[in-house]
Amino acid sequence: MEHIVTVQDAVTAFADWLEPTDAELDAIEREMPRILADIETLDVQIALMERTPAELDQRRARRDRHRVLVERAALANRAVPGEAA
């Protein structure tokens with residue numbers, strides 16, 4: 001069986017412009033604390049869907065939401081002029 005590849009796929013499969021630029025990688029690195037805070041908050045929310053939340057679970061959820069807000073504020077305060085936050 002032969003695999004048929006379109007000319008477009010063959011030409012653009014390894015194009016340099018498909019990779020993230022250094023500026024994009026730097027932006028991701030700057031946002032990583034917020035991304036990790038969002039992931040932790042989602043983990044807590046998923047865990048709370050599986051059972052009735054106790055007081056400790058509710059505190060953990062509030063703490064994680066607060067952490068996300070702190071990271072978002074820190075990211076907004078570090079924003080580079082002329083760059084979207």
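Biologist: Which element gives the most to the lining of the second largest cavity, and with how many residues?

Modeller: A cavity is a set of points, on a 1 Å grid over the protein atoms alone, where a 1.4 Å probe fits but cannot get out, and its lining residues have an atom within 4 Å of a point. Helices are DSSP runs of H or I with at least four residues, strands are runs of E with at least two, and both are numbered from the N terminus. In this structure α2 contributes the most to the lining of the second largest cavity, giving three residues. The lining as a whole consists of Val44, Ala47, Leu48, Arg51, Asp57 and Arg60, and the elements that supply two or more of its residues are α2 and α3.

Before we go on, note that this is a predicted model, in which local features need pLDDT of at least 70 and side-chain atom pairs count only at pLDDT 80 or more, whereas totals for chains, interfaces and linings use all residues. Residues are numbered from 1 along each chain as its sequence is written, and side-chain values use heavy atoms, with hydrogens and water left out.

Biologist: How many cavities does the search of the whole structure find, and how much space lies in the second largest cavity?

Modeller: A volume is the space filled by probe spheres set on the grid points, which are joined across faces, edges and corners. Two cavities of 30 Å³ or more are found in the whole structure, and the second largest cavity holds about 30 Å³ of space. For residue classes, Ala, Val, Leu, Ile, Met, Phe, Trp, Tyr, Cys and Pro count as nonpolar, Asp, Glu, Lys and Arg as charged, and the others, Gly among them, as polar. On that scheme the lining of the second largest cavity has three nonpolar and three charged residues, with no polar ones.

Biologist: Where is valine 44 found, and is valine 44 buried or exposed?

Modeller: Buried means under 20% relative accessible area, exposed means over 50%, and partly exposed lies in between, using a 1.4 Å probe and protein chains only. Valine 44 is in helix α2, and valine 44 counts as buried because its relative accessible area is 3%. Contact means heavy atoms within 4.5 Å. Not counting residues up to four places away in sequence, valine 44 touches Arg60, Ala61 and Asp64. The C-alpha atoms of valine 44 and arginine 60 are 7.6 Å apart, although the two residues are separated by 16 residues in sequence.

Biologist: Which side chain of opposite charge is nearest to aspartate 64?

Modeller: Lys and Arg count as positive and Asp and Glu as negative, while His and the chain ends are not counted. A salt bridge is a side-chain nitrogen of Lys or Arg within 4 Å of a carboxyl oxygen of Asp or Glu. Aspartate 64, in helix α3, is buried but has no salt bridge, the nearest oppositely charged side chain being arginine 60 at 4.1 Å. With neighbours within four places in sequence left aside, aspartate 64 contacts Glu40, Thr41 and Val44.

Biologist: How many salt bridges does the structure hold, and which residues are linked in a network of salt bridges?

Modeller: There are seven salt bridges in the structure, and a network of them links Glu31, Arg34, Asp38 and Arg72. Arginine 34 pairs with glutamate 31 at 3.5 Å, N to O; these two are three residues apart in helix α2 (residues 22-49), and are therefore separated by about one helical turn. Glutamate 31 is partly exposed, because its relative accessibility is 24%. Aspartate 38 pairs with arginine 34 at 2.9 Å, N to O, and these residues, four apart in helix α2, are likewise about one helical turn from each other.

Aspartate 38 also forms a salt bridge with arginine 72, at 3.7 Å, N to O. That pair links distant parts of the chain, with aspartate 38 in helix α2 and arginine 72 in helix α3 (residues 55-78), 34 residues apart. Arginine 72 is partly exposed at 42% relative accessibility, and, leaving aside neighbours within four places in sequence, arginine 72 contacts Arg34 and Asp38.

Biologist: What pattern does the protein chain follow along the sequence?

Modeller: The pattern is α-α-α, with three helices and zero strands. Of the 85 residues in the protein chain, 14% are buried. Among contacts between residues at least 6 apart in sequence, 61% join residues at least 24 apart.

Definitions and conventions
1 Å grid on protein atoms, 1.4 Å probe; cavity = no way out; pocket = protein on both sides within 12 Å on 5 of 7 lines; lining within 4 Å.
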